[in-house]
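Biologist: I am new to this structure. Could you walk me through a few of its features?

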Amino acid sequence: MNKQAKITEIVEKLSGRPLTLAPDESLFESGVLDSFALTDMVSALESEFSIRIPDSDLTPRKFDSVARIEAYIESRS
Amino acid sequence: MAYLRAFGAYLPSRIADNAELAAGTGADAAWILQQTGIQTRRFAAADESVASLGVHAAKDCLDNAGLTPRDIGLLLVASSSAEHRFPGPASAIGAALGINGLPAIDLPIASAGSLFGMALAAQLAPAYGNVLVIGAEIMSRVVQRHPSYRDTAILFGDGAGACLVSAEFGFAEIRDALLASDGDFAEALRLDHDAPLYMDGRTIIMQASRKIPRAISELLGRQRIPAADVQVFLMHQANLNLITRVAQSLAVPQERFFRNIQNYGNTSAASMLIAAAEWRAQHPAPLAGPVVFAAFGGGLHWGALVAK
């Protein structure tokens with residue numbers, strides 16, 4: 001499973017529904033995730049990709065879409 | 001050593017429910033309740049000031065302690081909504097209490113202000129004796145009830161809380177405190193001159209959801225206190241969902257976190273002490289376990305304090 005598929009799986013698990021957005025569409029503006037689900041998503045990403053996301057990176061801009069999350073994960077790998 | 005001796009609180013009499021906020025912001029009343037867990041807030045009257053709210057809370061606290069203003073050695077006042085750039089409300093509160101001449105220090109650091117004040121009071125009590133810490137806010141005057149600002153307008157309320165920290169005795173000894181600040185996110189929650197309060201809610205939730213439980217865990221860890229042994233967590237009442245989240249992170253039953261945000265909304269620096277005053281009034285018996293205080297706010301500033 002590639003990174004984008006893994007990220008999509010995490011988002012679907014947190015939102016409880018299939019993800020129908022394009023990779024560059026906002027997960028927040030579309031209502032897929034709220035602020036608290038975002039926090040859970042960060043924890044899930046840390047676990048799934050074996051990375052540590054520092055407090056300084058905890059901004060919604062970095063996690064606003066599947067594409068941005070993928071780019072962030074790539075930058076941390 | 002320093003001890004918690006008493007708490008006090010004051011809430012303005014006017015109650016603003018979600019229907020009133022809905023009418024002013026364009027939001028739906030049911031949506032406000034679902035998003036925030038807040039049912040009502042108190043709004044100060046036109047002739048009330050941050051200082052006058054603080055004076056009421058101070059007198060309530062002193063009554064509960066069985067003391068008079070002349071027994072105070074130092075006054076610390078936390079507020080982020082004071083009417084002037086300077087002076088802050090501390091000296092006015094001191095004057096109203098009749099203790100001119102004693103040092104009265106303002107702590108304009110928003111929602112974590114009372115926690116920082118309590119931690120400072122614990123350090124300063126051996127030198128000053130009884131230290132009165134007050135958190136007082138009129139947040140209703142710094143949020144704008146316009147649809148574009150509804151996310152902040154629906155959250156905040158007015159009120160004041162107080163805590164007397166004594167060098168001599170009290171119902172619990174302040175054992176330790178952990179304070180922290182992070183200026184990288186100073187812009188995420190701020191009140192500029194002549195502008196309504198600004199909050200990047202998503203960033204604040206992300207930061208608070210991680211920083212608050214981590215601070216509590218570190219504090220309890222160095223005091224070798226299991227979270228499960230804590231009698232009550234008295235946290236800044238910012239958001240009901242955030243309080244629930246912190247409880248989950250610490251694997252502590254939600255009921256262990258005292259909550260009154262549903263009645264008063266987020267009263268910033270005042271909220272933790274208002275919660276403490278209500279909790280103590282309901283539980284006047286000797287403590288059955290440690291008490292943990294925690295707060296987070298603009299700055300960013302956050303931390304935790306434990307007493308037992």
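Biologist: Let me start with one residue: where is B:Ser268 found?

Modeller: This is a predicted model. B:Ser268 is found in the loop of chain B between helix 9 (261-264) and helix 10 (271-282).

Biologist: What is phi of B:Ser268 near?

Modeller: Most residues other than glycine have a negative phi, and most peptide bonds are trans. Here, phi of B:Ser268 is positive, near 50°. B:Asp194, also not a glycine, has a positive phi of about 55°, and its place is the loop between strand 9 (189-190) and strand 10 (198-199) of chain B.

Biologist: Does B:Asp194 count as buried or exposed?

Modeller: B:Asp194 counts as exposed because it has 4 C-beta neighbours inside 10 Å. B:Ser268 has 35 inside 10 Å, so B:Ser268 counts as buried.

Biologist: And the peptide bond from B:Phe86 to B:Pro87: is it cis or trans?

Modeller: That bond is cis, with omega near -5°. B:Pro87 sits in the loop between strand 4 (72-78) and helix 4 (89-97) of chain B. Another cis peptide bond joins B:Gly299 and B:Leu300, with omega about -10°.

Biologist: How do helix 7 and helix 8 of chain B cross?

Modeller: Two packed helices are described by the angle between their axes and the distance between the axes. For helix 7 (residues 201-222) and helix 8 (residues 240-249) of chain B, the axes come within 9 Å and cross at roughly 40°. That angle makes helix 7 of chain B oblique to helix 8 of chain B. Their contact has 6 nonpolar, 2 polar and 1 charged residues.

Note on methods
Residues are numbered from 1 along each chain as its sequence is written. Chains are lettered from A and ligands numbered from 1 in the order in which they are written. This is a predicted model: local features need pLDDT of at least 70, side-chain atom pairs count only at pLDDT 80 or more; totals for chains, interfaces and linings use all residues. Axes are lines fitted to C-alpha atoms, for helices over the stretch in contact, and angles run from 0 to 180 degrees between N-to-C directions. Helices (H or I, at least four residues) and strands (E, at least two) are DSSP runs, numbered from the N terminus. Angles under 35 degrees count as roughly parallel, over 145 as roughly antiparallel, 65 to 115 as roughly perpendicular and the rest as oblique. Ala, Val, Leu, Ile, Met, Phe, Trp, Tyr, Cys and Pro count as nonpolar, Asp, Glu, Lys and Arg as charged, and the others, Gly among them, as polar. A residue is buried if 20 or more other C-beta atoms lie within 10 Å of its own, exposed if 12 or fewer, and partly exposed in between; C-beta atoms are placed from the backbone.
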